[in-house]
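I opened this entry to look up a few things and write down what I found.

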Amino acid sequence: MPIYRYVCENCGNEEVHMHGFNESPTIVCSSCGGKMAKTIGRVGIVFKGSGFYITDSRKSTTSKSENE
């Protein structure tokens, strides 16, 4: 089950709720009882492997004819 972050439209209280992807629950703020809106949370991205740095895809500066 995915975890979603909600922010209250009235007081700005932030809460985290877990529910199914296809569900659309009505979340009520625990502080003021107002309606809460789903927001986009911060996601940590980790790039692993080759091909993510500029030095991984850089072509050689010398051509084949210069090496011979």
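**Cysteines**

I looked up the sulfur of C11 and found the closest cysteine sulfur in C8, 3.7 Å away, which is too far for a bond. I note that this is a predicted model. The cut-off I used for a disulfide is a pair of cysteine sulfur atoms within 2.5 Å.

I then turned to C29. The closest cysteine sulfur to that of C29 is in C11, at 3.8 Å, again too far for a bond. How many disulfides does the rule give? I count zero disulfides.

I also checked how much of these two cysteines is covered. C29 is buried, with 4% relative accessibility. C11 has 44% relative accessibility, so I put C11 down as partly exposed.

**Charged pairs**

How many salt bridges does a search of the whole structure find? I searched the whole structure and got one salt bridge. The side chains of R5 and E14 meet in a salt bridge, with 3.6 Å from N to O.

**Surface**

Which residues form a nonpolar patch on the surface? I found M1, I3, V16 and M18 in this patch. Together they have about 500 Å² of accessible area.

I3 lies in strand β1, which covers residues 3-8. Is I3 buried or exposed? I3 counts as exposed because its relative accessibility is 59%, and the cut-off for exposed is over 50%.

Notes:
Residues numbered from 1 in each chain as written. Predicted model: local features only at pLDDT ≥ 70, side-chain atom pairs only at ≥ 80, totals over all residues. Heavy atoms only, no water. Patch = residues over 30% accessible without salt bridge, like charges linked within 9 Å, V, L, I, M, F, W, Y side chains within 5 Å. Areas by Shrake-Rupley, 256 points an atom, 1.4 Å probe, with all protein chains shown as cover. Salt bridge = Lys/Arg side-chain N within 4 Å of Asp/Glu carboxyl O. Helix = DSSP H or I, 4+ residues; strand = E, 2+ residues; numbered from the N terminus. Buried < 20%, exposed > 50% of the residue type's maximum accessible area, 1.4 Å probe, protein only.
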